[in-house]
Amino acid sequence: MSVKNVVKVMNFHSLLKVDKSRRKAAMYFDTERELFKIIKKILFNKNLILDKKMITPNSDAPILNVYIGNDLGFCGDFNFLINKEVRQDNNKMIIIGRKIHSFNKDNTILYMTKEDFFADFSKVEDIIYDGIINRKFREINVIYNHYHNVNKLEFMKKKLYPLDYDDEDINSHDYDDDFAMETELGPMLNSLIALYLCYEIKICEMNSYAAENVVRQQITRESLKKIDELEEEKAMIERKTKKQKDFQKIIENYRKGD
């Protein structure tokens, strides 16, 4: 297969992946939104007695930063700002993406490729659940490139934990639903928060995946344009060379006729 055909295939696949990742992020978003509603209904319910300390982050615990990059090439400087942030980070880190490079091995608690992330999310999930239930992190952030649309991508550091509750929204709702509880509220609520954070990370990853493929589509499109220009330039040189040869042959034939 020629280089041009390979670039064409990559260009086409990148377009398909943008749409796929957007739809998957929307699917995760619906679940994440419902989880957040359930968490708030339990947390602010007027009929439940809940020790808020059980779900309050430990102020002495470290920060966890989750970095999301990519595995494949044809992405230009897609990972530049992420790698710059990683090099300056002294917090605990989860790094996703072969193109992200960390030199602080002691603080990197998990490194995995994007392919591994898709195949086995449980490794990230275990860290999040353990971190929330046992209060091992005071803060959790995700650093990635966010997809808004094909014309707007944004480098983003998004704070996931502690959860940001909207006071105005809380005051505008009446949290007086009556519940029948057969379990301890604290551990259950922490498990719900951990599940919510896992969905948030998946949403960020899908947004990153869309952004990655937008960049790849732009670069492959420009590459195809450059290949076409080079092919046209080559064709012009070949036509010019052929004309010169044909003209030379005409002159030679004319001389032989003399």
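**View 1. Met93 stands opposite Thr108 in strand β3.** Welcome to a predicted model, in which local features need pLDDT of at least 70 and side-chain atom pairs count only at pLDDT 80 or more, while totals for chains, interfaces and linings use all residues. Residues are numbered from 1 along each chain as its sequence is written, and side-chain values use heavy atoms, with hydrogens and water left out. Helices (H or I, at least four residues) and strands (E, at least two) are DSSP runs, numbered from the N terminus. Strands β2 and β3 run parallel and are joined by four bridges; two strands pair if DSSP finds at least two bridges between them. On the β1 side, β2 is again in a parallel pairing, this time with five bridges, and Tyr67 stands opposite Ile95 in β2. Four of the five residues of β2 are buried, so the strand is largely enclosed by the rest of the structure. Here buried means under 20% relative accessible area, exposed over 50%, and partly exposed in between (1.4 Å probe, protein chains only).

**View 2. Helix α2 (residues 80-88) has Ile82, Asn83 and Val86 as its buried residues.** These residues cover an arc of only 95° around the axis, which puts them on the same side of α2. The arc is that of the directions from the helix axis to the C-beta atoms.

**View 3. The largest nonpolar core holds 37 residues, and Ile128, Ile193, Leu197 and Ile201 touch the most other members.** At least two residues of this core come from each of α1 (3-43), β1, β2, β3 (108-112), α4 (122-133), β4, β5 and α6 (185-257). Helix α6 gives the largest share, ten residues. A nonpolar core is a set of buried Ala, Val, Leu, Ile, Met, Phe, Trp, Tyr and Cys residues joined through side-chain atoms within 4.5 Å. In soluble globular proteins, nonpolar side chains tend to be buried together. Zoom in on Leu197 and, leaving out residues up to four places away in sequence, you will find it touching Ile128, Ile132, Ile140, Leu160, Tyr161 and Leu163. Apart from this core lies another of seven residues, including Tyr67, Ile82, Ile95 and Ile100. Contact means heavy atoms within 4.5 Å.

**View 4. Helix α4 buries Val124, Ile127, Ile128, Gly131 and Ile132.** Their arc around the axis is only 120°, which puts them on the same side of α4.

**View 5. Asn141 has its place in strand β4.** At 3% relative accessibility, Asn141 counts as buried. Its side chain makes a polar contact with that of Glu139 at 2.8 Å. A polar contact is a pair of N or O atoms within 3.5 Å; within protein, one must be able to donate a hydrogen and the other to accept it, and residues adjacent in sequence count only if both atoms are side-chain atoms. Setting aside neighbours within four places in sequence, Asn141 is in contact with Ile63, Leu64, Asn65, Val66, Lys157, Lys158, Lys159 and Leu160.

**View 6. Asp71 lies in the loop between β1 and α2.** Is Asp71 buried or exposed? It is buried, with a relative accessible area of 11%. The Asp71 side chain reaches two backbone nitrogens: that of Lys114 at 2.9 Å and that of Glu115 at 3.0 Å. Not counting residues up to four places away in sequence, Asp71 touches Gly97, Arg98, Lys99, Thr113, Lys114 and Glu115.

**View 7. Lys20 sits in helix α1.** With 52% relative accessibility, Lys20 counts as exposed. Zooming back out, the protein has six helices and five strands, and 40% of its 258 residues count as buried.
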